[in-house]
Amino acid sequence: MALAAGSTLAATGTATAAHPDRHTGPVASAPVTAGLYQSAYSARNHVLWATSAVGRPPVTTSGLLKLDPHTLKVRAAYRPPVTDQQTGAVEAVYGVAVDDEHDTVWTTNTRDDSVAVYSQRNGKHLATLPDVAHAREVVVDERHDTAWAGGFGDGSLVAFDTRTYQEKRRVTVEGSSPAGLAVNERTGTVYAADLDGDRIIAVPPHKEPQSVPAGDGPISVALSRDGRTAYTANQAAGSVSVVNLRRGRVTRSVPTGEGTLSVAADPRTGRVVAANRTAGTVTVLDPRRGTVVRTVATGPHPNHVRVAHGSVYAVDKSHAGPGGEDLVHRFRLRR
């Protein structure tokens with residue numbers, strides 16, 4: 001897909017019920033573009049935002065995509081700013097989070113060691129915020145007007161004011177590799193999955209960081225509705241760990257499939273969903289019982305999973321579309 005700055009593009013495909021599952025009902029899938037990475041849902045605008053980036057630096061093909069969450073069609077696509085006129089390199093986007101309070105989208109520009117802010121209304125690039133080493137993920141705390149980004153490259157967690165875009169706090173845990181992020185908006189505590197440290201790093205407001213054990217190779221983290229439990233996607237172990245944050249220990253780890261890469265929790269049902277990149281599946285868990293409720297075959301390399309209003313959205317790196325595009329999948333969660 002050719003992405004023009006601020007342009008609206010026609011959809012590359014239409015969602016189809018590719019493989020009905022006896023437990024989940026139909027799984028809708030649609031080709032989008034090459035290089036899909038993550039997605040984020042906007043309840044304010046009823047939009048699924050997705051990021052894409054292709055290849056190694058200089059990355060010249062990248063886009064912030066606005067998808068219809070029902071049809072999975074592309075409503076609009078926005079090209080990041082050019083950073084090098086000679087090579088055509090752009091400020092490629094990878095991680096993504098939505099700030100519905102201020103009607104913006106936050107992205108991580110991993111190759112450029114920065115994060116960026118875009119308007120949800122028209123896709124306009126509003127700001128680039130530097131000095132986040134190998135920024136992998138970003139998460140927004142709307143209640144406290146804060147966006148947290150993880151510096152995978154130097155063990156930092158950096159907080160920005162979502163109104164002014166100014167840096168407001170920086171915490172560095174030496175030797176850590178913060179990957180996935182989650183935030184408890186009631187307490188303002190941010191949690192980072194430390195990929196190399198097999199732990200969760202918790203940073204409460206006005207306090208020093210704390211550590212909680214996790215599974216083997218935690219790369220993504222999600223929280224229960226009450227914020228007392230964390231769930232980590234353990235890439236090395238191919239599992240999801242259930243972590244009691246009050247007691248500071250893993251209560252159980254559930255095998256989900258090889259290469260577990262992303263985890264999300266549904267506040268309505270309490271279910272936990274994990275994308276298993278190597279296995280090519282998405283697993284739904286009952287964390288209270290520590291059991292697998294169902295496994296959905298999405299096809300090769302699911303990269304990220306998101307839950308919104310009872311639906312699971314998974315983006316992959318399958319190149320399985322008719323033009324070699326990656327796909328987005330959707331299915332309903334049921335008790």
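Two strands count as paired here if DSSP finds at least two bridges between them. With that in hand, meet an open sheet of four strands, lined up in the order 17-18-19-20 with antiparallel pairing. Keep in mind that this is a predicted model.

- Look at strand 19 (residues 199–203) and you'll find four bridges tying it to strand 20, with the two running antiparallel.
- One of the pairings to look up is Arg 199, whose bridge partner in strand 20 is Pro 213.

- Strand 11 (residues 114–119) and strand 12 (residues 125–130) run antiparallel and are joined by five bridges.
- Tyr 118 has His 125 as its bridge partner in strand 12.
- Five residues sit between the strands of this hairpin, and Gly 123 takes a positive phi near 75 degrees.

- You'll find Glu 91 in the loop between strand 8 (89–90) and strand 9 (96–99).
- Glu 91 is buried but has no salt bridge; Arg 79, the nearest side chain of opposite charge, is 12 Å away.
- What Glu 91 does have is a polar contact of 3.4 Å with the side chain of Asn 109, plus another of 3.5 Å with the side chain of His 125.
- Leaving out residues up to four places away in sequence, Glu 91 touches a list of residues including Pro 80, Pro 81, Asp 112, Tyr 118 and His 125.

**His 70, out in the open**

- His 70 sits in the loop between strand 5 (61–67) and strand 6 (74–78).
- His 70 counts as exposed because its relative accessibility is 54%, and the cut-off for exposed is over 50%.
- Not counting residues up to four places away in sequence, His 70 touches His 46 and Arg 330.
- For a sense of distance, the C-alpha atoms of His 70 and Lys 168 are 37 Å apart, with the two residues separated by 98 residues along the chain.

**Salt bridges**

- The count of salt bridges comes to nine.
- Among them, Arg 136 and Glu 137 meet through their side chains at 3.0 Å, N to O. Arg 136 is buried, with a relative accessible area of 13%, and Glu 137 is buried too, at 9%.
- Arg 271 and Asp 286 form another, at 3.4 Å, N to O. This pair links distant parts of the chain, 15 residues apart: Arg 271 is in the loop between strand 25 (260–265) and strand 26 (272–276), while Asp 286 is in strand 27 (residues 281–286). Arg 271 counts as buried at 12% relative accessibility, and Asp 286 is buried with a relative accessible area of 10%.
- Salt bridges with shared partners join Asp 145, Asp 161 and Arg 163 into one network.
- Asp 161 is buried at 10% relative accessibility, whereas Arg 163 is exposed, with a relative accessible area of 52%.

Terms used:
Residues are numbered from 1 along each chain as its sequence is written. This is a predicted model: local features need pLDDT of at least 70, side-chain atom pairs count only at pLDDT 80 or more; totals for chains, interfaces and linings use all residues. Side-chain values use heavy atoms; hydrogens and water are left out. Buried means under 20% relative accessible area, exposed over 50%, partly exposed in between (1.4 Å probe, protein chains only). Lys and Arg count as positive and Asp and Glu as negative; His and the chain ends are not counted. A salt bridge is a side-chain nitrogen of Lys or Arg within 4 Å of a carboxyl oxygen of Asp or Glu. A polar contact is a pair of N or O atoms within 3.5 Å; within protein, one must be able to donate a hydrogen and the other to accept it, and residues adjacent in sequence count only if both atoms are side-chain atoms. Contact means heavy atoms within 4.5 Å.
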